[in-house]
Amino acid sequence: MTLDEDQVLIKRTLRGERKAYEELMRKYEKKIFSFVIRMVRNEDVAVDLTQDFFFKIYTVMDKYNFEYKFSTWAYRICYNLVIDHIRKNQAQVDSLDDDSVSPRDLAASENVSREDGFKNLAQEETRDYVWRVVDQIPLKFRELILLRYIQDLKYEEIAAITSLPVGTVKNRIFKAKELLKQEMEKDGMLA
Amino acid sequence: MACLPNDTLIAYNEDSLGAIEASQARDHLLVCPDCRRSAAAFRALDSILASPSLHTPPARLIPQVMQRLYPATARYTSIFAAMAASLVFLVTWIYIYFDFSRSSLIQALQLTANGTSGWLANIIKAISVVYNAAQAGYKAGQALLNILLPARLGPAVIVGMVLLFSGLLLFALLRPRLKKAHQRKS
């Protein structure tokens with residue numbers, strides 16, 4: 001069996017090479033941290049959860065099955081860790097099932113620019129704006145958008161990570177895009 | 001003609017429609033400016049989402065994980081090394097303090113060896129050699145300790161070493177529980 005880059009690092013880590021695990025963490029830290037911080041919306045909590053994630057991955061690494069992609073396995077662990085945290089601290093974040101609050105209402109409570117239309121914003125600002133709106137949409141849509149675009153996963157992989165049917169994953173991502181488009185239209189970006 | 005639903009437009013942009021549906025959507029887009037605008041909007045959104053701005057974690061993140069993963073073992077090693085050292089020192093000190101060199105056991109063995117032959121004699125001779133070396137070490141150690149520590153401090157040293165050893169042993173045994181309790185608390 002041919003091992004990919006991640007799997008080689010895992011083998012080396014399992015042999016006791018500290019540098020290999022450090023390398024693996026460096027490779028994933030930005031994506032994992034970005035996913036976690038956008039899920040929990042609190043930097044200190046995101047740092048703790050990311051550290052817990054890397055600690056957990058290390059402690060269960062001997063259970064990793066080399067027939068599967070490391071990233072999917074790792075993201076599943078990360079997803080469960082974050083969801084567990086959110087469920088335990090629901091008062092601090094929006095409910096997993098709460099889709100009654102419009103992104104516009106939520107965005108209004110943040111520092112999302114209302115005056116500038118997207119047309120007038122530079123590309124970097126447009127991106128920041130859209131991602132800030134993503135941060136405000138209900139968690140059940142946000143988590144899938146993050147897995148799709150931050151972790152760059154396919155619908156099938158997202159379904160495996162979240163234990164949702166592929167059809168549900170697709171529908172929710174489509175719905176999330178509709179919500180985001182509505183926001184962009186309201187801001188005149190797509191007028 | 002009714003406009004295409006959003007999910008059809010999104011699926012069309014993602015190339016995930018079946019051949020017939022895709023063809024129908026393409027035909028509709030040719031004649032419907034509203035749907036063309038919507039499809040373009042979804043494409044724009046997709047391209048923005050596809051290039052996310054990633055958050056850079058604080059620099060301390062990985063070093064702290066490494067510290068949590070690896071020095072834990074090193075700390076344990078140092079605890080056990082300290083325990084071993086205190087035990088060796090304790091045994092040596094007891095040996096010296098009670099002057100076990102006067103024990104006649106080895107001398108008796110040596111005398112037995114002199115009157116024996118074959119493998120038993122060889123074993124006893126080997127024990128004697130080790131004993132002689134240990135005794136030489138003991139004498140050197142005793143001389144050194146006599147200089148460093150007055151003999152009257154003997155019991156205090158023994159009690160001190162017993163306490164040190166017990167403390168380290170207790171710490172090594174309780175440390176995992178304390179750590180877990182701390183993690184639960186935090």
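This is a predicted model: local features need pLDDT of at least 70, side-chain atom pairs count only at pLDDT 80 or more; totals for chains, interfaces and linings use all residues.
Which residue just after α1(B) takes a positive phi? These legends get to that residue in the view of α1(B), after a quick word on the model.

**About the model.** Residues are numbered from 1 along each chain as its sequence is written, while chains are lettered from A and ligands numbered from 1 in the order in which they are written. For the complex, the predictor gives an ipTM of 0.74 and a pTM of 0.61. Chain B has an average pLDDT of 77, and 77% of its residues score at least 70.

**View 1. Chain A is built from helices, nine of them, with zero strands.** Helices (H or I, at least four residues) and strands (E, at least two) are DSSP runs, numbered from the N terminus. Going along the sequence, the pattern of chain A reads α-α-α-α-α-α-α-α-α. Of the 191 residues in chain A, 39% are buried. Here a residue is buried if 20 or more other C-beta atoms lie within 10 Å of its own, exposed if 12 or fewer, and partly exposed in between, with C-beta atoms placed from the backbone. Take the contacts in chain A between residues at least 6 apart in sequence: 66% of them join residues at least 24 apart. Two residues are in contact if their C-beta atoms, placed from the backbone, lie within 7 Å.

**View 2. Here is where chain A meets chain B, with 31 residues of chain A in contact with 25 residues of chain B.** On the chain A side, α2 (18-40), α3 (43-60), α6 (123-136), α7 (139-149) and α9 (166-186) each supply at least two residues. The largest share comes from α2(A), with 10 residues. By class, this side of chain A has 16 nonpolar, four polar and 11 charged residues. For the classes, Ala, Val, Leu, Ile, Met, Phe, Trp, Tyr, Cys and Pro count as nonpolar, Asp, Glu, Lys and Arg as charged, and the others, Gly among them, as polar.

**View 3. Inside chain A, α2(A) meets helix α4 (residues 70-88).** Their axes come within 11 Å and cross at roughly 25 degrees. Axes are lines fitted to C-alpha atoms, for helices over the stretch in contact, and angles run from 0 to 180 degrees between N-to-C directions. That makes α2(A) and α4(A) roughly parallel to each other; angles under 35 degrees count as roughly parallel, over 145 as roughly antiparallel, 65 to 115 as roughly perpendicular and the rest as oblique. The crossing of α2(A) past α4(A) is right-handed. A crossing is left-handed if the near helix is turned anticlockwise from the far one by less than a right angle, and right-handed if clockwise. From α2(A), look for A:Tyr28, A:Ile32, A:Phe35, A:Val36, A:Met39 and A:Val40, which meet A:Ala74, A:Cys78, A:Val82, A:His85 and A:Ile86 in α4(A). This contact has 10 nonpolar residues, one polar and no charged ones.

**View 4. Two loops of chain A hold A:Arg41 and A:Asp152.** A:Arg41 sits between α2 and α3 and has a positive phi of about 55 degrees, though it is not a glycine. With 17 other C-beta atoms within 10 Å, A:Arg41 is partly exposed. A:Asp152 lies between α7 and α8 (155-162), and its phi is near 60 degrees, again positive in a residue other than glycine. A:Asp152 counts as exposed, with 12 C-beta neighbours inside 10 Å.

**View 5. In chain B, helix α1 (residues 6-13) packs on helix α3 (residues 33-49).** The angle is about 55 degrees, with the axes 9 Å apart, so α1(B) and α3(B) are oblique to each other. α1(B) passes α3(B) in a right-handed crossing. B:Leu9, B:Ile10, B:Ala11 and B:Tyr12 are buried in α1(B). The buried residues of α1(B) pack against α9 of chain A, and also against α2 (19-31) and α3 of chain B.

**View 6. B:Gln142 is found in helix α7 (residues 119-148) of chain B.** B:Gln142 is partly exposed, with 17 C-beta neighbours inside 10 Å. B:Thr92 is 50 residues away along the chain, yet the C-alpha atoms of B:Gln142 and B:Thr92 are separated by 9.3 Å.

Methods
pLDDT is the predictor's confidence in each residue, from 0 to 100.
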